[in-house]
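Notebook open, model loaded. I'm jotting down what I look up as I go.

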Amino acid sequence: QGGLNLHCFCENDGVNRYDALGEKPTSDDLTGLAAYAFWRNVANVYFGLLKGWPIAAMMLNKSLDDFNRSEPVVWGEQSDVSTKIKGAVEYQDDLDKLISRVALGPHDISHSSSVEFLKDGDLYSAVKKADINYCGKICKRRNGTARVHLEVKVKDTYDFRWWDLDDTKNGSKLVLIGNNLAYLDQKSGIIKPYKWEAHFSENRR
């Protein structure tokens, strides 16, 4: 009990893993290595090149990286994630609904909602559904317009859940099978879930 953990360098599995260079624990399990390479190709070739979905590619690649998952990954104002979400129809609709519910005059705002991204394939594949927190001020004018200054935080966990193969509302059979394969490799530790946030400002005059 106590003392140094002499196996932490190989993810506490000194029997099956090694890390000769001190960079990344490696396994002799060829199946695991093949699965890891497969998902890298899905991210870079299928999502990145064939589909042109940079957010889906980046988020899947991130799930294959080794990093401290005790804190969420944060993407800032100028990030591709923030830019994509800010331009999404579903986000704009959610913000418009918030503004429409505000009474005339200036108001301090602290509001949370949940938004499902269905119209953009990139966001649907990478995010699908996320929680959004708005904090700041909205000043509603009599003509229905508003001056808006809000700090926005979008939060989600990147992970995979098992889908019923007969429930095609989530996509084609091929998409469902791919999702479930990712879920199984998530269970085996190849794909690792992580929390993420996108932070940006919303200003309207």
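Predicted model: local features only at pLDDT ≥ 70, side-chain atom pairs only at ≥ 80, totals over all residues.

**Entry 1: the whole chain**

How much accessible surface does the protein chain have, and what share of it belongs to carbon and sulfur atoms? I get about 12,400 Å² for the chain, with 54% of that on carbon and sulfur.

I looked up burial next: of the 205 residues, 37% are buried. For contacts between residues at least 6 apart in sequence, 59% join residues at least 24 apart.

The chain has six helices and seven strands. Going along the sequence I read β-β-α-α-β-α-α-β-α-β-β-α-β.

In what order do the strands of the open sheet lie? I read 3-7-6-5-4, five strands with mixed pairing. Strand 3 (73-75) and strand 4 are the edges; each has a single partner strand, so one side of each has no neighbour in the sheet. On average, neighbouring strands here are turned by 15° against each other, ignoring direction.

I then went through the pairs:

- Strand 4 (residues 105-116) runs antiparallel to strand 5 (residues 129-140), with twelve bridges joining them. I found Val-115 opposite Ala-130 of strand 5.
- Strand 5 and strand 6 are antiparallel too, joined by ten bridges. Cys-135 sits opposite Glu-151 in strand 6.
- Strand 6 and strand 7 are joined by eleven bridges, again antiparallel. Tyr-158 faces Tyr-194 of strand 7 as its opposite number.

Which strands does helix 2 touch? Helix 2 (residues 54-64) packs on the sheet against strand 3, strand 6 (146-158) and strand 7 (194-204), and its direction makes about 145° with that of strand 7. Helix 4 (residues 89-101) lies across strands 4, 5, 6 and 7, at about 40° to strand 5.

I wanted to see how strand 6 splits into faces. In a regular strand, side chains alternate between the two faces of the sheet. For strand 6, the covered face holds Ala-146, Val-148, Leu-150, Val-152, Val-154, Asp-156 and Tyr-158. Its uncovered face holds Arg-147, His-149, Glu-151, Lys-153, Lys-155 and Thr-157.

**Entry 2: turns and the edge strand**

The hairpin of strand 5 and strand 6 has five residues between the strands, and Gly-144 there takes a positive phi near 95°. Which non-glycine residue did I note with a positive phi? Lys-128, at about 65°. Lys-128 is in the loop between helix 5 (121-126) and strand 5, and its relative accessible area of 21% makes it partly exposed.

Over on strand 4 I checked Pro-106. Is Pro-106 buried or exposed? Exposed: its relative accessibility is 67%, and the cut-off for that class is over 50%. Leaving out residues up to four places away in sequence, Pro-106 touches Ile-138 and Cys-139. The C-alpha atoms of Pro-106 and Lys-140 are 6.4 Å apart, though the two are separated by 34 residues along the chain.

**Entry 3: salt bridges**

How many salt bridges turn up in a search of the whole structure? Eight. I wrote down some of them:

- Asp-65 pairs with Arg-40, N to O at 2.6 Å. This pair links distant parts of the chain, 25 residues apart: Asp-65 is in the loop between helix 2 and strand 3, and Arg-40 is in helix 1 (residues 30-50). Asp-65 is partly exposed at 26%.
- Lys-86 pairs with Glu-77, with the closest N and O atoms 3.6 Å apart. Lys-86 is partly exposed at 26%, and Glu-77 is partly exposed at 34%.
- Arg-204 pairs with Glu-202 at 4.0 Å, N to O. Arg-204 counts as partly exposed at 24%, whereas Glu-202 counts as buried at 5%.
- Lys-84, Asp-120 and Asp-122 are linked in a network of salt bridges.

**Entry 4: a nonpolar patch**

Which residues make the nonpolar surface patch of about 460 Å²? I listed Trp-162, Leu-165, Ile-177, Leu-181 and Leu-184. Of these I followed up Ile-177, which lies in helix 6 (residues 173-187). Ile-177 is partly exposed, with 41% relative accessibility.

How values were computed. Residues numbered from 1 in each chain as written. Heavy atoms only, no water. Patch = residues over 30% accessible without salt bridge, like charges linked within 9 Å, V, L, I, M, F, W, Y side chains within 5 Å. Areas by Shrake-Rupley, 256 points an atom, 1.4 Å probe, with all protein chains shown as cover. Salt bridge = Lys/Arg side-chain N within 4 Å of Asp/Glu carboxyl O. Helix = DSSP H or I, 4+ residues; strand = E, 2+ residues; numbered from the N terminus. Buried < 20%, exposed > 50% of the residue type's maximum accessible area, 1.4 Å probe, protein only. Contact = heavy atoms within 4.5 Å. Pairing = 2+ DSSP bridges. Axes fitted to C-alpha atoms, helices over the stretch in contact; angles between N-to-C directions.
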